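Let's take a friendly look at this structure together. Have the sequence and the 3D view ready as you read.

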Amino acid sequence: MSKSAIDGPTKGGFSFDLCRRNEMLVKKGLKGPSFLKTGTTIVGLVFQDGVILGADTRATEGPIVADKNCEKIHYIAPNIYCCGAGTAADTEAVTDMVSSQLTLHRYHTGRESRVVTALTLLKSHLFSYQGYVSAALVLGGVDVTGPHLHTIYPHGSTDTLPFATMGSGSLAAMAVFESKYCEGLTRDEGVQLVAEAISSGIFNDLGSGSNVDICVLTKGHKEYLRNHLQPNPRTYISQKGSFSKKTEVLLTKITPLNKLVEVIEGGDAMEE
Amino acid sequence: MPIQQANWSPYDNNGGTCVAIAGADYCVVAADTRMSTGYNILTRDYSKIIQLAEKSVMASSGFQADVRALQKVLEARHLAYQHQHNKQMSCPAMAQLLSNTLYYKRFFPYYSFNVLGGLDSEGKGCVFTYDAVGSYERVGYSSQGSGSTLIMPFLDNQLKSPSPLLLPAKDAVTPLSESEAVDLVKTCFASATERDIYTGDKLEILVLNAKGVLREYMELRKD
């Protein structure tokens, strides 16, 4: 909605034309629309043979649980996965986009993707949107150069770490990691530690909950453990079995349509 | 320098949900036991229910510091009543007292969302539901708190409250047996816990009838 007399070529990306008007409305007391945030616990750690990623499965809209079992560990490449916290649409879109870009890149180069490539593509995209794309990611994978684990912040900064946590439950999870992490963990020790860290987020952070998802990445092999732990079953199912529908049929009317319409048998098939 | 606004609030919301259902000769009052602030849990084992008189039980969600202060005021007033009248307050009398106490602080309210349950002078179940400043109504069932928006429509569907506009005024009580009402309450909380992050941990249920008060607990999801 540009007000200039001559319209230039349409630029892609965000339009900030309504920002001043929105600010004025908020000052007058209007509540802005809310986004589906994943109020999350996501973690990653490096163990002796590779990388393990973990995530909870609750998606919230304010105080309400929108999805009790969503997937927060996203596929980037056969050897690279990424956990996402922040706005669900943003994490989904940005990981899908980079995944496509890497597939094309693999066709072009004929080589396995590297984690630093995904890292650079993600960070430059997020930086160019100056933090408006609200995606906080834990990127992990194993390539020819070895195992890698990175965190990526919404404004585009990155860290390279042996263990990392993000999301509203990051403090609860980091407390577990800082107490129990050491170098050279075995696969089972690593999975156990990641599950413990995510569980800590699930039970101590209200923004995280439901189940534990885990992804184990090693040289040439990946293991996606969807719902590895399900520590939150429904606690009460009514003895009644089911509740009555509480609906009343007011009127039943059957109109045979073949009396109203001309039906031609054996005509030509519809064109596409 | 841009104009600075005051950003300290005397209130906080500790979350939680309360429900009460009245029957022909009983009343069920229930609340979860989770106390939280922001995204953190303060404790998993905090009772939001208090027995104010022999036949009056109040459950309150909201800001627990204000809730506790309100409970203490009502307890003290009830003790004074007992000294003056040599008897316990009836539930409708307690209901009026609660309303007046809340309105007394109309211009710095108790951040407390209450349901009062009990038996009236005829021994029938009664439930009174309040807003933060004392507006109240006798009803057959009610819920307050963070999960009330999830529970109320379900109770409306199951208990089909007679319209208050119909005259003559129908009886406010619901045609359920005591065990059916308890089963309904448990279902309400198990469901609200699934979708409301502030509700969970444990459910405390109080059943008032002619025999006295029975307390029951049920585990809820802790995530």
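## A nonpolar patch on the surface

In this predicted model, three residues of chain A make up a nonpolar patch on the surface: L257(A), L260(A) and V261(A). Together they have about 330 Å² of accessible area. To find V261(A), look in the segment that follows β12 (221–229) of chain A.

## Where the two chains meet

How many residues does each chain bring to the contact? Chain A gives 30 residues, while chain B gives 28 residues.

The size of an interface is often given as the accessible area lost when the parts come together. Between chain A and chain B, the buried area is about 2,600 Å². Carbon and sulfur atoms give 52% of that area.

## Polar contacts and the chain A side

Now for the pairings across the interface. Between chain A and chain B there are 16 residue pairs in polar contact, both residues being at pLDDT 80 or more. On the side of chain A that touches chain B, the elements giving two or more residues are β4 (64–67) and α5 (187–204) of chain A. The largest share comes from β4(A), with 4 residues.

## Salt bridges

Over all chains, the structure holds 19 salt bridges. The count between chain A and chain B is 2.

Which residue forms a salt bridge with K68(A)? The partner is E194(B), and the closest N and O atoms of the pair are 2.7 Å apart. K68(A) sits in the loop between β4 and β5 (73–77) of chain A, whereas E194(B) belongs to helix α4 (residues 178–195) of chain B, so this pair joins two chains.

Terms used. Residues are numbered from 1 along each chain as its sequence is written. Chains are lettered from A and ligands numbered from 1 in the order in which they are written. This is a predicted model: local features need pLDDT of at least 70, side-chain atom pairs count only at pLDDT 80 or more; totals for chains, interfaces and linings use all residues. Side-chain values use heavy atoms; hydrogens and water are left out. Patches are made of residues with over 30% relative accessible area and no salt bridge: like charges are joined within 9 Å, nonpolar side chains (Val, Leu, Ile, Met, Phe, Trp, Tyr) within 5 Å. Accessible areas come from the Shrake-Rupley method with a 1.4 Å probe; for residues, only the protein chains shown count as cover. A salt bridge is a side-chain nitrogen of Lys or Arg within 4 Å of a carboxyl oxygen of Asp or Glu. Contact means heavy atoms within 4.5 Å. Buried area is the accessible area (1.4 Å probe) that two parts lose on being put together, summed over both. A polar contact is a pair of N or O atoms within 3.5 Å; within protein, one must be able to donate a hydrogen and the other to accept it, and residues adjacent in sequence count only if both atoms are side-chain atoms.
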